[in-house]
Amino acid sequence: MIWNAFLLALRQIWRNPMRSLLTVLGVVIGVAAVVTMVTVGNGASDAIRTQIESFGNNQLMLRPGMRLGPGQKVGAPDFKLEDAEALVNQLAGIEAVAPQTSKSLTIVAEGRNWQTSVIGTDNNYFTIDNRELESGRYFEDAELMAGSAVCVIGGTIQRELFGANVDPVGKSLRTGGFSCRVVGLLKTKGTAAMGGDQDDLVVMPLKTVQRRILGESRVASLMLRINADSDRERLKDAVRDLMRERRSLSEGDDDNFQIMDTAEIAAKVASTTQIMTTLLVAVAAVSLVVGGIGIMNIMLVSVTERTREIGIRLAIGALGREVQLQFLIEALVLGCLGGILGLVVALGASKILASVMSVPFLFNPGINLLAFTVSALTGVVFGYFPARRAAKLDPIEAVRHE
């Protein structure tokens, strides 16, 4: 009986293909929106998590002042090179510290120019920030001590100034009024979690940048690598106490520096992304309700159109529950059809958005199965009332219906 009812449902849907398609359009949009949002959201979360993990979960960053916006600080003194030495020497959980300073400059080489960030630091920077060499070498101790005009560049600088297939090691580039010899090329790291290019940088010895570019001995930030087995919170408290002491802050003074923890950033970003994805899914799920109302509406119309047919079936011996089952199956088929079309649309939309946003496409069987199941249940739930109405028709009155 169920198989016959299923065939009759398909036949009825096929009689009015355009009306059936418009009926399930809301379900299609709802399923496609929900699956696409979850798929792209998971891809974005994975990309951000991978990017932050590439920094290392054992990294802390110290910056002066309380931030008001990118690159802004409230009248707080910069760090000193001695601060980096004190952190390593006085705190057992600190494995390495890389003092940093930077400036945005235009660099020139072989008739080309490029605006980039020039970073002054030491060799600890490459270890703490997980930077590996594609070719060449890092800085020598003598170059760091003397502030020599040498640099290590990222892949973007290689591509824009020398050419993607040209080894820049041994060549020179000009910046800040002096020439700098390229001694190393870094491996590509790609786009950062917030959209920045991690390969668009020129790294020089700290003293080189301080003397030849900035004209002062300031240290803008300190990058710390901590022992993975240490008590993270206790170590951060120790870092805060030491820096307060070195910056001569009394007990009532607020910190005039920040301690940024990559592990905390990763957790906050993942939580924020999950919340945004949930909100978007909730909004998209409204389309499923709209689609269900559309199915109910068209089934009520179908009952009205087929009143005489229903009356004849009841008059020749069909039971009310059989008529009800017939209309429930029709509603179920409409819901399943909308679910299948929605999944197809979601697959294409997810791949396109993932490509545009440069995030991985992560197929999630669970959300696809759940969305299809919900679409089928939507058809049954919203088709119940019309089916019940059809089953309760009076056979005599139904046969007389014109």
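## Reading strand pairing and a buried arginine

User: In which sense do strand 1 and strand 9 pair, and over how many bridges?

Analyst: In this predicted model, strand 1 (residues 59-64) runs antiparallel to strand 9, and the two are joined over four bridges. Within that pairing, Met61 has Met223 in strand 9 as its bridge partner.

User: Which sense does the pairing of strand 2 with strand 9 take?

Analyst: Strand 2 (residues 94-109) also pairs with strand 9 in the antiparallel sense, over six bridges, and Ile94 is the residue that stands opposite Ile226 of strand 9.

User: Is strand 9 mostly covered or mostly open?

Analyst: Strand 9, which spans residues 221-226, is mostly covered, with five of its six residues buried.

User: Where does Arg247 lie, and what is the nearest side chain of opposite charge?

Analyst: Arg247 sits in the loop that links helix 9 (232-246) to strand 10 (257-261). A salt bridge needs the charged atoms to be within 4 Å; the nearest side chain of opposite charge, Asp83, is 4.9 Å away, and Arg247, although buried, has no salt bridge.

User: With which side chain does Arg247 make a polar contact, and which residues does Arg247 touch?

Analyst: The side chain of Arg247 makes a polar contact with that of Asn256, at 2.7 Å. Leaving aside residues up to four places away in sequence, Arg247 touches several residues, among them Pro64, Asp78, Phe79 and Phe257.

User: How many disulfides does the structure hold, and are Cys151 and Cys180 buried or exposed?

Analyst: The structure holds zero disulfides. Cys151 is buried, with a relative accessible area of 0%, and Cys180 is buried as well, at 1%.

Methods. Residues are numbered from 1 along each chain as its sequence is written. This is a predicted model: local features need pLDDT of at least 70, side-chain atom pairs count only at pLDDT 80 or more; totals for chains, interfaces and linings use all residues. Side-chain values use heavy atoms; hydrogens and water are left out. Buried means under 20% relative accessible area, exposed over 50%, partly exposed in between (1.4 Å probe, protein chains only). Lys and Arg count as positive and Asp and Glu as negative; His and the chain ends are not counted. A polar contact is a pair of N or O atoms within 3.5 Å; within protein, one must be able to donate a hydrogen and the other to accept it, and residues adjacent in sequence count only if both atoms are side-chain atoms. Contact means heavy atoms within 4.5 Å. Two strands pair if DSSP finds at least two bridges between them. A disulfide is a pair of cysteine sulfur atoms within 2.5 Å.
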